[in-house]
Every structure is written in structure tokens, then in C-alpha cells.
Amino acid sequence: MNDYYLNKASLPRSVKSQTQLRESLASWGTDRLLHVVDACQQTDDSFRSEFARIHNRYANMTFMITQSVPDEKLAYAAETLLVWLQEDFQTAKTGAQKEAAGICSAELFELLKLYS
């Protein structure tokens, strides 16, 4: 993640309007990540297909955290997810991997700032 993605990141209103981290993460997974998956699913473009597949994986990781991690460890788990996304950004081998990891890590960073 870098300044380019931080300036590009925009969280859905549903994410920002939640009062609990767990609900914000769940809304981000549904209203942003899965929305991208749906938007990119019916395409023959290999970039968009890979971009959607990565967003789907990030959504699944987010839902796993929101559904299985206890409240007292939720912030730590979300911060760990952020570290994983940043590592994906640094080790990306394709443009779709770099773009997905960049924008998703920037959005998750902005989401976590709401609760710090």
C-alpha cells in the first residue's frame, strides 16, 4: 500500500455508519469486496477475473475473522489481516494482485482508523 491507494480508498457509507468494528468489517466484506466480485464476475478480461478472485479471497478472510474471533481479539485479527494484505501488495506478481492488495489494504487501514 502507498499514498496512491490511500488517496484512492473510499469506504461505503454502510461501513462508516456502523458503531462496532465487527459490523464495519462485515459491511466492508459484503458492500465493498463482494460488490467488486459481482461487478467483475461476468467478464472475459483476465485482469478483472483475477481482481475479482482476490477480492473474494479477502472477503472470505474478513468473514472468517468477523464470525470466529472473540471481541477482545478482533482488532488484533483485523490488524493481522492488514499486514497480510500489505505483504500481498509487496510480493504481487501481476497487476491485478498489486491493485487488489493496494486498494483493499488502504480501505482496511481507513476502516481500522475509525476504531483507533
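Which residues do ring pairs link into a cluster? I shall answer that in a moment, after an introduction to the chain. Please keep in mind that we are looking at a predicted model.

Let me begin with the overall fold. The secondary structure of this chain consists of six helices and zero strands. Read along the sequence, the pattern is therefore α-α-α-α-α-α. The C-alpha atoms occupy a box of roughly 40 × 25 × 25 Å along the principal axes.

What share of the residues counts as buried? The figure is 41% of the 116 residues. The accessible surface comes to about 6,700 Å², and carbon and sulfur atoms account for 49% of that surface. As for contacts between residues at least 6 apart in sequence, 71% of them join residues at least 24 apart. The chain also carries 12 positive and 15 negative charges, whose mean positions are 2 Å apart.

I now return to the opening question. The cluster linked by ring pairs is made of Tyr-4, Tyr-5 and Phe-89. In the whole count there are three aromatic pairs. One of them joins Tyr-5 and Phe-89: the ring centres are 5.5 Å apart and the planes stand at 80°, which is over 60 degrees, so the pair is edge-to-face. This pair links distant parts of the chain, since Tyr-5 belongs to helix α1 (residues 3-8) and Phe-89 to helix α5 (residues 71-91), 84 residues apart. Both Tyr-5 and Phe-89 are buried.

A second example is the pair of Phe-47 and Phe-51, which is stacked, with 5.8 Å from centre to centre and 15° between the planes. Here both residues lie in helix α4, four residues apart, or about one turn of the helix.

Phe-63 is buried because its relative accessible area is 16%, under the limit of 20%. Which residues does Phe-63 contact, leaving aside its neighbours within four places in sequence? They are Ala-26, Gly-29, Thr-30 and Leu-34. Thr-30 is 33 residues away from Phe-63 along the chain, and their C-alpha atoms are separated by 8.9 Å.

Thank you for your attention.

How values were computed: Residues numbered from 1 in each chain as written. Predicted model: local features only at pLDDT ≥ 70, side-chain atom pairs only at ≥ 80, totals over all residues. Heavy atoms only, no water. Buried < 20%, exposed > 50% of the residue type's maximum accessible area, 1.4 Å probe, protein only. Contact = heavy atoms within 4.5 Å. Helix = DSSP H or I, 4+ residues; strand = E, 2+ residues; numbered from the N terminus. Areas by Shrake-Rupley, 256 points an atom, 1.4 Å probe, with all protein chains shown as cover. Lys, Arg positive; Asp, Glu negative; His and termini not counted. Charge placed at Lys NZ, Arg CZ, Asp CG, Glu CD. Phe/Tyr/Trp six-rings, centres within 6.5 Å; stacked < 30°, edge-to-face > 60°.
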